[in-house]
Amino acid sequence: MNTSMAGRKPAMNAAQIWNMSFGFLGIQIGFELQNGNVSRIFQTLGAEVNELAILWIAAPMTGLIIQPIIGHMSDKTWSAFGRRRPYFLVGAILATLALFIMPNSPTLWVAAGMLWIMDASLNITMEPFRAFVGDNLPDRQRTKGYAMQSFFIGVGAVIAGALPWVMTNWMGLSNTAPAGEIPETVQWAFYIGGAALLVAVMWTVFSTKEYSPEQIAAFEKARNEALGIVDKAAETVKRTAAQFFSGGAVWVVIGAVFAAFVAYGRAQPDWIPIGQELYILAGLIASFGVIQIIAGMLRQSDMDQNGFMEVVNDLFAMPKTMRQLAVVQFFSWFAMFALWIYGTPAVTDYHFASPDPTTQGYQDGADWWSLMGSVRNGLAAAAALAFVVIASKVDRRKLHSINLFVGAIGFSLMIFVRDPAVLWLSQIGLGIAWASIVSLPYAILAGSVPARKMGIYMGIFNIFIVVPQLIAATLLGFLLTVFFEGAPIYAMAIGGVSFVLAAIATLFVTDATSAVREMQERLAEPQ
């Protein structure tokens with residue numbers, strides 16, 4: 001990238017944005033194979049429907065740990081190979097190996113362990129990709145950059161979702177197998193997907209360059225001076241040790257009280273059934289308190305110049321826009337996790353009347369739901385391209401809110417449409433919402449955080465993707481059992497309500513860059 005360090009960050013052309021985003025095609029192939037087939041693999045290996053959520057907990061738990069760490073590390077990395085790209089490559093190699101091994105899992109617990117490894121590897125690759133757009137694109141092009149990522153997310157998911165169905169119906173491979181064995185269609189889908197992931201990520205790694213940290217700092221300084229923005233984040237405001245101790249104690253007590261409630265409820269034969277997975281939720285609550293107590297001890301001992309403390313400090317010093325978007329992300333991703341966990345059992349049970357994984361009807365239903373994933377994500381890819389044009393003319397908050405309401409309608413159609421052949425109608429709304437979730441919040445966020453902390457803030461932001469997934473994994477099974485007699489289709493109703501709450505919360509977000517958009521456009525004009 002030929003540029004003056006003293007000038008404004010130059011715009012990138014369409015080919016450069018394409019190359020920069022192409023790796024997301026492979027990443028999403030990996031994620032969609034995971035999201036669309038892991039419940040199927042678990043059930044094939046003997047898992048009951050009410051066990052699926054707790055088995056899935058490995059995926060969000062991995063993201064919660066990995067993403068802030070990788071974000072912090074990539075912010076601090078600079079080598080001959082770049083800043084973010086080393087993480088792209090290492091994560092892609094590990095994810096490819098995991099995708100090759102996953103469909104050959106001999107037992108349920110091996111499969112659960114492989115989900116953990118696979119999700120960690122995909123997160124190592126994905127998190128720096130989010131920061132990559134913020135690093136390389138000026139404010140006026142970030143919506144386009146994240147929309148291009150969203151486009152490749154959609155295309156990758158179409159490919160991954162169609163693979164099992166295509167191999168069954170076009171290539172004649174068997175989609176059934178003896179009890180306890182994974183069908184060969186699923187195995188070959190994972191093999192092909194793993195290879196595609198590695199190739200796509202390597203394309204971005206070798207076709208894209210990066211700005212050095214010094215260049216990025218110079219660009220941010222020039223931008224702030226031109227827009228009259230005072231950089232108030234030169235030093236993150238630090239919480240005192242006493243604040244960490246008091247806040248941590250509150251969270252530990254809440255977690256302990258909740259655990260005691262779960263234990264008491266499980267001991268009462270006349271109470272509503274309370275699953276042991278709620279202990280995990282209690283542990284997560286208490287763990288947040290323990291983290292704060294550890295931070296307080298480190299601060300009190302003047303041992304706070306380390307990555308752990310930087311992540312914790314930045315978590316509590318999030319910009320206002322980021323805090324508001326965290327609420328939106330929470331409800332959005334809670335809904336999406338309900339779809340991923342319960343989509344296959346819901347369709348096979350409710351639409352195909354075949355809940356038994358050993359039957360042909362179940363496997364046909366699972367293949368059909370995988371194909372519906374391709375429809376959903378194909379629509380998401382098309383919607384992402386439309387966002388490039390629409391977002392420049394419409395308030396991004398209002399656009400995102402409308403998209404989430406449309407997604408809620410898609411969830412409701414999953415229940416009201418009983419004919420499997422017409423399920424594509426529900427996927428229209430879900431596809432539009434999905435394209436919006438993976439693009440517009442990031443475009444809004446990127447203009448509200450300091451460039452030198454783009455990686456760590458993108459990692460922290462993803463905590464608010466992971467936490468709702470963890471809560472969904474521990475709570476959804478309980479809600480379905482207590483209120484809906486365990487019927488998985490009603491997870492779609494819960495998802496619809498969650499989307500509505502996210503849509504309402506979006507309207508209260510402050511778009512930090514909207515006030516200066518007109519000035520940015522003037523600056524973009526030739527001088």
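The questions below concern a pocket, a helix and some aromatic pairs in this predicted model.

User: Which helix gives the largest share of the lining of the largest pocket?

Analyst: The largest pocket holds about 980 Å³ of space, and its lining of 30 residues includes Leu64, Phe288, Ile291, Ile463 and Val467, which lie nearest the centre. By class, that lining has 27 nonpolar, three polar and no charged residues. Helices H3, H10, H11, H12 and H18 each supply at least two residues, and the largest share, seven residues, comes from H3.

User: Where does H12 bend, and which proline follows?

Analyst: The 32 residues of H12 should span 46 Å at 1.5 Å a residue, which agrees with the 44 Å between its end C-alpha atoms. Because 26 of these 32 residues are buried, H12 is largely enclosed by the rest of the structure. The bend, of about 55°, falls at tyrosine 342, and within four residues comes proline 345.

User: How far apart in sequence are the parts tied together by the pair of tryptophan 18 and phenylalanine 152?

Analyst: Among the 27 aromatic pairs found in the whole structure, the rings of tryptophan 18 and phenylalanine 152 have centres 4.8 Å apart and planes at 75°, so this pair is edge-to-face. Since tryptophan 18 lies in helix H1 and phenylalanine 152 in helix H6, the pair ties together parts separated in sequence by 134 residues.

User: Is phenylalanine 152 buried or exposed?

Analyst: A residue counts as buried under 20% relative accessible area. Tryptophan 18, at 37% relative accessibility, counts as partly exposed, whereas phenylalanine 152 has a relative accessible area of 3% and is therefore buried.

Note on methods: Residues are numbered from 1 along each chain as its sequence is written. This is a predicted model: local features need pLDDT of at least 70, side-chain atom pairs count only at pLDDT 80 or more; totals for chains, interfaces and linings use all residues. Side-chain values use heavy atoms; hydrogens and water are left out. On a 1 Å grid over the protein atoms alone, a cavity is a set of points where a 1.4 Å probe fits but cannot get out, and a pocket is an open set with protein on both sides within 12 Å along at least five of seven lines; lining residues have an atom within 4 Å of a point. Grid points are joined across faces, edges and corners, and a volume is the space filled by probe spheres set on the points. Ala, Val, Leu, Ile, Met, Phe, Trp, Tyr, Cys and Pro count as nonpolar, Asp, Glu, Lys and Arg as charged, and the others, Gly among them, as polar. The expected span of a helix is 1.5 Å times one less than its number of residues. The bend at a residue is the angle between axes fitted to the seven residues ending there and the seven starting there. Buried means under 20% relative accessible area, exposed over 50%, partly exposed in between (1.4 Å probe, protein chains only). Rings of Phe, Tyr and Trp (its six-membered ring) pair if their centres lie within 6.5 Å; planes under 30 degrees apart count as stacked, over 60 as edge-to-face and the rest as tilted.
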